[in-house]
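Hi,

Here's the structure I promised to pass on. Have a look at it first, and then read my notes below.

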Protein chains: 2
Amino acid sequence: MQTPSQPAHPFDIATQLRALSEHRFEGCTAPAYANMVGPYGGITAAQILQGVMLHPARLGEPLALTINYAGPLADGNFELVAEPLRTNRSTQHWALRLNQAGAVVATGTAVTAVVRETWDAAESERPAAPPPDDVPRVNPPRRVPWMANYDNRMVRGGPLPPTAAEAGADLGEPALQWVRDEPGRPLDHLSLAALCDVFFPQIFRRRGRWVPIGTVSFTTYFHADAAMLARVGTRHVLGQAQSHRYRKGFFDQNAQVWSADGELLAVTHQIVYYKE
Amino acid sequence: MQTPSQPAHPFDIATQLRALSEHRFEGCTAPAYANMVGPYGGITAAQILQGVMLHPARLGEPLALTINYAGPLADGNFELVAEPLRTNRSTQHWALRLNQAGAVVATGTAVTAVVRETWDAAESERPAAPPPDDVPRVNPPRRVPWMANYDNRMVRGGPLPPTAAEAGADLGEPALQWVRDEPGRPLDHLSLAALCDVFFPQIFRRRGRWVPIGTVSFTTYFHADAAMLARVGTRHVLGQAQSHRYRKGFFDQNAQVWSADGELLAVTHQIVYYKE
């Protein structure tokens, strides 16, 4: 947990925006979240969602977020447009756009909603997994700076199978990992949005090696409200990820993110470009 | 199959648009696809995607489509804005908006892409199911006119479990159904987009009765290109649908759509409002 005397968390630095006008914000790419080329897609999603969170007209909490990565984002400043196009009694619909140097680099939509007590039920259970302390942390590779901001503990499935025998052994089962921000930071909708992109591209696992990839479109549905996120705090969350199909340069990947206590926090999907 | 002497298919009538200017189209709600209140969400998605398909600047075929249902769509005309915001070498990013009577009724984004031959693989298999001719057709209820445009054959899971005993028996398994346009129509990206919303809300199955619901956000990733869709023709496709969580007025639902030959055509997700 942070105290006022500690420096700001890298995630909070990365997601700082400056309001330019009613629906326009200025932000900056964060070296701490750099990927091999351009920024980690999850931090871009969080930066875009931050425009919604900071907008004075916002109603409710994030329910759905779709981000489309339209072009490369260069190191430096960008302009975000986050505009509520329709506000109903309990839901609000947002159009999102990231511009840099006169070009559109990302598009998106979001829905925020005021949640209310209803009949609730689960149709899925948190997968069984040993506690995070019993699973070794993935060593973040130097060439992928953003990974140092996550404490990743792979229960199953990656990022790369160390041997061909192990590769075959677990291919039929979804990848499973514990993850939290590093250093610890209480989970909120912004960091959950970023974390939904943390799962290793399943094509690495299937091919047993790195493959050039890039997320094209990324959607997250939030089941967690602020109270549920507060119960998670700085603890690890458990993610399960899987793909259905790799075909003609694109594969889909989906993941479910649970709290250690077994609450489903978010479900997320993406379609990813690959070159192979 | 249609011949020139047959009347136009209801789906083709419903998805007719008139170009107003470079990025603006006019369309009209279709009585044949009316739901209990407003139109079937799948037809609205197809009408919006039609703007992309008809746009003279379109590059490639649909890869990802997200539609957010922002407000009620009244019977009558609407205006669609479908604007390509960025065109790359092989992908194109679209902003989508449906307006009626000065209000935004839907927002969305799409990505179209030029596909190319690559290493391909499946990570999922078409679920086993008896052939569609061996499964009785669901009787479309009169109060849900759009359902008469689909030949739905439920292998498992709904729409309503006829007895409490049966309700419990299959609740742990995904719903499974054959479906095609009725009358038959060769599958294309537009009709596949509409069909991805055809699956019965899983909350009906879980509660064993109708519950007021409405899709809030709906995303589809297309694995099928035109050549794969041509191989399906007018045959039924097999859909598998499931939910993870019903909580505080919203549930998620996802589905996978396969050809009878076992090719994965699309994966689709939605977040749905419910009142219970």
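To start with a question: is A:K248 buried or exposed? Keep in mind that this is a predicted model, so everything here is computed from the predicted atoms.

A:K248 turns out to be buried, because its relative accessible area is 13% and the cut-off for buried is under 20%. To find this lysine, go to the loop that runs between strand 12 (245-247) and strand 13 (250-259) of chain A. While you're there, check the backbone: phi of A:K248 is near 50°, which is a positive value in a residue that isn't glycine.

Now hop over to chain B. B:K248 sits in the loop between strand 12 (245-247) and strand 13 (250-259) of that chain. Its phi is near 50°, again positive in a non-glycine residue.

In chain A, the peptide bond going from A:E182 to A:P183 is cis, with omega near 0°.

You'll find B:P183 in the loop between strand 9 (175-181) and helix 4 (189-195) of chain B.

Cheers

How values were computed: Residues numbered from 1 in each chain as written. Chains lettered and ligands numbered in written order. Predicted model: local features only at pLDDT ≥ 70, side-chain atom pairs only at ≥ 80, totals over all residues. Heavy atoms only, no water. Helix = DSSP H or I, 4+ residues; strand = E, 2+ residues; numbered from the N terminus. Buried < 20%, exposed > 50% of the residue type's maximum accessible area, 1.4 Å probe, protein only.
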